[in-house]
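Reader: I would like to go through this model with you and ask what stands behind each label. Could you take me through it?

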Amino acid sequence: QVQLVESGGGLVQPGGSLRLSCAASGIIFRIYTMGWYRQAPGKQRELVAVITGTGGNTNYASSVKGRFTISRDNAKNTVYLQMNSLKPEDTAVYYCNANYPISQLDYWGQGTQVTVSS
């Protein structure tokens, strides 16, 4: 059974930082491209950042580039999202995604709420 469990969300003031974690089980973690997506109220889910299996390649949404950093620890089957200089517009539910396109395998976590407000 595949599980992606996010943690680390919460309430933070503008300019603050949070670190999200996503622990994966039931998959061969190292072969999956891992991603973080977010969905704000009334908006579509959007890509935040992705990282390839070896961690050698990353990609970011333009809105978070320079503020967020995605990383992974394949020994711990965990992907992280370090979020700095948070803005109110970063408020959303953040979802972890595991994708293996060769076999069309795609999994999602339940999401963790991030609220940026003073």
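Author: Gladly! Let us begin with Asn97, which lies in strand β9 (residues 92-100); strands here are DSSP runs of E with at least two residues, helices are runs of H or I with at least four, and both are numbered from the N terminus. This is a predicted model, where local features need pLDDT of at least 70, side-chain atom pairs count only at pLDDT 80 or more, and totals for chains, interfaces and linings use all residues. Residues are numbered from 1 along each chain as its sequence is written, and side-chain values use heavy atoms, with hydrogens and water left out.

Reader: Why is Asn97 called buried?

Author: Buried means under 20% relative accessible area, exposed means over 50%, and partly exposed is in between (1.4 Å probe, protein chains only). Asn97 has a relative accessible area of 4%, so the residue is buried.

Reader: What makes the link between the side chains of Asn97 and Asp106 a polar contact?

Author: The distance is 3.2 Å. A polar contact is a pair of N or O atoms within 3.5 Å; within protein, one must be able to donate a hydrogen and the other to accept it, and residues adjacent in sequence count only if both atoms are side-chain atoms. The Asn97 side chain also reaches the backbone oxygen of Tyr107, at 3.1 Å.

Reader: Which residues is Asn97 in contact with, leaving aside its neighbours within four places in sequence?

Author: Contact means heavy atoms within 4.5 Å. On that basis Asn97 is in contact with Leu4, Thr33, Met34, Gly35, Tyr37, Asp106, Tyr107 and Trp108.

Reader: How do you know that Cys22 and Cys96 form a disulfide?

Author: A disulfide is a pair of cysteine sulfur atoms within 2.5 Å, and the sulfur atoms of Cys22 and Cys96 are 2.1 Å apart. The pair links distant parts of the chain, with Cys22 in strand β3 and Cys96 in strand β9, 74 residues apart. A search of the whole structure finds one disulfide.

Reader: Why is the disulfide of Cys22 and Cys96 called left-handed?

Author: The torsion about their S-S bond is about -80°, so this disulfide is left-handed. Cys22 counts as buried because its relative accessibility is 0%, and Cys96 counts as buried at 0% too.

Reader: What makes β3 and β8 a pair?

Author: Two strands pair if DSSP finds at least two bridges between them. Strand β3 (residues 18-25) and strand β8 (residues 78-83) have six bridges, in the antiparallel sense. Leu18 stands opposite Met83 in β8. These strands belong to an open sheet of four, in the order β1-β3-β8-β7, with antiparallel pairing. Why are β1 (3-7) and β7 (68-73) edge strands? Each pairs on one side only.

Reader: And the aromatic rings: why is the pair of Tyr32 and Tyr100 called tilted?

Author: Rings of Phe, Tyr and Trp (its six-membered ring) pair if their centres lie within 6.5 Å; planes under 30 degrees apart count as stacked, over 60 as edge-to-face and the rest as tilted. By this rule the count comes to three aromatic pairs. For Tyr32 and Tyr100 the centres are 5.6 Å apart and the planes at 40°, so the pair is tilted. Tyr32 is in the loop between β3 and β4 (33-39), Tyr100 in strand β9, 68 residues apart.

Reader: What makes the pair of Tyr32 and Tyr107 tilted?

Author: Their ring centres are 6.2 Å apart and the planes at 45°, so this pair is tilted as well. Ring pairs link Tyr32, Tyr100 and Tyr107 into a cluster.

Reader: Are Tyr32 and Tyr107 buried or partly exposed?

Author: Tyr32 is buried, with a relative accessible area of 4%, whereas Tyr107 has 25% and is therefore partly exposed.
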